[in-house]
Amino acid sequence: MAIDVDRTIQAVTRVKPYICTMPLRLDDGWNQIQLNLADFTRRAYGTNYVETLRVQVHANCRLRRIYFSDRLYSEEELPPEFKLYLPMQKT
């Protein structure tokens, strides 16, 4: 799962039976975040990832796109609409 996120306020990792929250360190501006759900589930719960039933996005978060994939794709393999383009610097 990859998420384009602007910022977060979570301070510590919390693992509960049906939810796990964690802090994310982000740079100013847009960031691209990629989460390995199988690894995350194994580390947090000691079990195998099966499926995602719901994605919840709060109003204080600006997203461009959320998508799931079977593996991590290189930048060249992504379609143009999934790429994160940085602003051009004027010289």
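**Close-up views of a predicted protein model**

The accessible surface of the protein comes to about 7900 Å², and carbon and sulfur atoms hold 52% of this surface. Accessible areas come from the Shrake-Rupley method with a 1.4 Å probe, and for residues only the protein chains shown count as cover. This is a predicted model, in which local features need pLDDT of at least 70 and side-chain atom pairs count only at pLDDT 80 or more, while totals for chains, interfaces and linings use all residues. Residues are numbered from 1 along each chain as its sequence is written, and side-chain values use heavy atoms, with hydrogens and water left out.

**View 1. Overall arrangement of the protein.** The protein contains one helix and five strands, in the order β-β-β-β-α-β from the N terminus on. Helices (H or I, at least four residues) and strands (E, at least two) are DSSP runs, numbered from the N terminus. Of the 91 residues, 15% count as buried; buried means under 20% relative accessible area, exposed means over 50%, and partly exposed lies in between (1.4 Å probe, protein chains only). Among contacts with a separation of 6 or more, 54% involve residues 24 or more positions apart, a contact being heavy atoms within 4.5 Å.

**View 2. The aromatic pair of Y67 and F82.** One aromatic pair is present in the structure. Y67 and F82 form this pair, which is tilted, with 4.5 Å from centre to centre and 45° between the planes. The pair ties together parts that are 15 residues apart in sequence, because Y67 lies in strand 5 (residues 63–67) and F82 in the segment after strand 5. Rings of Phe, Tyr and Trp (its six-membered ring) pair if their centres lie within 6.5 Å; planes under 30 degrees apart count as stacked, over 60 as edge-to-face and the rest as tilted. Y67 counts as buried at 15% relative accessibility, whereas F82 is partly exposed at 24%.

**View 3. Surroundings of L78.** L78 is found in the segment after strand 5. With a relative accessible area of 10%, L78 is buried. When its neighbours within four places in sequence are left aside, L78 is in contact with Y67, Y73 and K83.

**View 4. Helix 1 and its two ends.** At the start of helix 1, a side-chain oxygen of N36 reaches to within 3.2 Å of the backbone nitrogen of A38. G46 follows helix 1 and has a positive phi, near 65°.

View 5. Side chains of opposite charge can pair when their charged atoms come close. A salt bridge is a side-chain nitrogen of Lys or Arg within 4 Å of a carboxyl oxygen of Asp or Glu, and by this rule the count comes to three salt bridges. D39 forms one with R42, the closest N and O atoms being 3.4 Å apart. D39 and R42 are three residues apart in helix 1 (residues 37–45), so about one helical turn separates them. The side chains of R43 and D39 also meet in a salt bridge, at 3.8 Å from N to O. R43 and D39 are four residues apart in helix 1, so they too are separated by about one helical turn. D39 is partly exposed, with a relative accessible area of 24%; R42 is partly exposed at 45%, and R43 counts as exposed at 70%.

**View 6. The salt bridge of E77 and R71.** E77 forms a salt bridge with R71, and their closest N and O atoms are 2.8 Å apart. E77 is partly exposed at 42% relative accessible area, and R71 is partly exposed at 41%. Elsewhere, salt bridges that share partners join D39, R42 and R43 into one network.

**View 7. A nonpolar surface patch.** Y49, V55, V57, I66 and F68 form a nonpolar patch on the surface, with about 380 Å² of accessible area together. Patches are made of residues with over 30% relative accessible area and no salt bridge; like charges are joined within 9 Å, and nonpolar side chains (Val, Leu, Ile, Met, Phe, Trp, Tyr) within 5 Å. V57 is found in the loop between helix 1 and strand 5 and is partly exposed, with a relative accessible area of 42%.

**View 8. Q34 and I66.** Q34 has its place in strand 4 (residues 31–34) and counts as partly exposed at 42% relative accessibility. Q34 and I66 are 32 residues apart in sequence and 9.8 Å apart in space, C-alpha to C-alpha.

Terms used: A polar contact is a pair of N or O atoms within 3.5 Å; within protein, one must be able to donate a hydrogen and the other to accept it, and residues adjacent in sequence count only if both atoms are side-chain atoms.
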